[in-house]
Protein chains: 2
Amino acid sequence: MSEKFSPPYYAVIFTNERTENTEGYAETADHMVALAAQQPGYLGFESAGDGKSTISISYWRDLDSIKAWKEVSDHATAQAMGRKKWYKSYTTRIALVERDYSFEAEQV
Amino acid sequence: MSEKFSPPYYAVIFTNERTENTEGYAETADHMVALAAQQPGYLGFESAGDGKSTISISYWRDLDSIKAWKEVSDHATAQAMGRKKWYKSYTTRIALVERDYSFEAEQV
């Protein structure tokens, strides 16, 4: 968490509600994160959730990087699997991060 | 989850790692969400997490709405409380959502 880059950069915000079907989900999710990290323009990844609903955000240098990643992930068929098995609903948002600021508690 | 609005609009992405201290956290978080919903330009709110790390995203019509909300929440001192007690670290990102698309499983 708390990845830090210098704006402007892009965020792909993926919010979803899961089905009861977890077969293959964790393995595929881990594989997709590892695969994304190898893409040109990849900056980072954060995810939070409780198994029922999840928000995952990947960060990218520019729109071209996102477009290239979308094509890779399509090939991996992960998105189609997601629609069939794992997700009740999801929304993907492409957003330009204009500003960011962070806080870290002082180490005691 | 899966709030749907028409781009362009703004997302305030708040990612955090929590401390062990939960005193007053849930009440304040609920109050902040209710208060945000009353602000001009508020579009929606989503959050996912497991109690240790959370991603919360509020959606807004424009930057002026976000600025006005920041001033309200400062007054409520919730942000200062957060820095003192509840958060090990956090990052806030202001992002312009340029595109979005959603999927809903067919009802069986």
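This is a predicted model: local features need pLDDT of at least 70, side-chain atom pairs count only at pLDDT 80 or more; totals for chains, interfaces and linings use all residues.
## Two chains and their contact

User: Is A:Lys84 buried or exposed?

Analyst: A:Lys84 counts as exposed, because its relative accessibility is 75%. Its C-alpha atom is separated by 23 Å from that of A:Ile66, a residue that is 18 residues apart from A:Lys84 along the chain.

User: Ok, what about the fold of chain A, how many helices and strands are there?

Analyst: Chain A has 3 helices and 4 strands, and along the sequence these follow the pattern β-α-β-β-α-α-β. Of the 108 residues in chain A, 44% are buried. If you take the contacts in chain A between residues at least 6 apart in sequence, 77% of them join residues at least 24 apart.

User: Switching to salt bridges: how many turn up over all chains?

Analyst: The search of the whole structure gives 4 salt bridges over all chains. One of them pairs A:Lys85 with A:Glu23, where the closest N and O atoms are 3.7 Å apart. That pair links distant parts of the chain, since A:Lys85 sits in helix H3 (residues 78-86) of chain A while A:Glu23 sits in the loop between strand E1 (9-18) and helix H1 (25-37) of chain A, the two being 62 residues apart.

User: And A:Glu23, buried or exposed?

Analyst: A:Glu23 counts as exposed, because its relative accessibility is 55%.

User: What does B:Lys85 meet in chain B?

Analyst: The side chain of B:Lys85 meets that of B:Glu23 in a salt bridge, with 3.7 Å from N to O. B:Lys85 lies in helix H3 (residues 78-86) of chain B and B:Glu23 in the loop between E1 and helix H1 (25-37) of chain B, so this pair ties together parts that are 62 residues apart in sequence. B:Glu23 is exposed, with a relative accessible area of 55%.

User: How many salt bridges cross the interface of chain B and chain A?

Analyst: The rule finds 2 salt bridges across that interface. In one of them B:Glu46 pairs with A:Arg93, and the closest N and O atoms are 3.5 Å apart. As a general point, side chains of opposite charge can pair when their charged atoms come close.

User: Are B:Glu46 and A:Arg93 buried or exposed?

Analyst: B:Glu46 is buried, with a relative accessible area of 1%, and A:Arg93 is buried as well, with a relative accessible area of 0%.

User: Then what does the side chain of B:Arg93 contact?

Analyst: The side chain of B:Arg93 makes a polar contact with the side chain of A:Glu46, at 3.5 Å. B:Arg93 is found in strand E4 of chain B, and this arginine is buried, with a relative accessible area of 0%.

User: How much area do chain B and chain A bury between them?

Analyst: Chain B and chain A bury about 3600 Å² between them, and 56% of this is on carbon and sulfur atoms. The contact involves 44 residues from chain B and 44 residues from chain A. Between the two chains the count is 21 residue pairs in polar contact, with both residues at pLDDT 80 or more.

User: Which elements of chain B supply the side that touches chain A?

Analyst: At least two residues each come from strand E1 (9-18), strand E2 (42-49), strand E3 (53-60), helix H2 (63-75) and strand E4 (87-104) of chain B. E4(B) gives the largest share of that side, with 18 residues. By class, the side of chain B that touches chain A is made up of 20 nonpolar, 11 polar and 13 charged residues.

User: What does E4(B) pair with in chain A?

Analyst: E4(B) is joined by 15 bridges to strand E4 (residues 87-104) of chain A, and the two run antiparallel. Within this pairing, A:Leu96 stands opposite B:Leu96 in E4(B).

User: Last topic, how do E2(B) and E3(B) run?

Analyst: E2(B) and E3(B) run antiparallel and are joined by 7 bridges, and the bridge partner of B:Tyr42 in E3(B) is B:Trp60. The hairpin formed by E2(B) and E3(B) has 3 residues between the strands, and in this hairpin B:Gly51 takes a positive phi near 95 degrees.

Note on methods
Residues are numbered from 1 along each chain as its sequence is written. Chains are lettered from A and ligands numbered from 1 in the order in which they are written. Side-chain values use heavy atoms; hydrogens and water are left out. Contact means heavy atoms within 4.5 Å. Buried area is the accessible area (1.4 Å probe) that two parts lose on being put together, summed over both. A polar contact is a pair of N or O atoms within 3.5 Å; within protein, one must be able to donate a hydrogen and the other to accept it, and residues adjacent in sequence count only if both atoms are side-chain atoms. Ala, Val, Leu, Ile, Met, Phe, Trp, Tyr, Cys and Pro count as nonpolar, Asp, Glu, Lys and Arg as charged, and the others, Gly among them, as polar. Two strands pair if DSSP finds at least two bridges between them. Buried means under 20% relative accessible area, exposed over 50%, partly exposed in between (1.4 Å probe, protein chains only).
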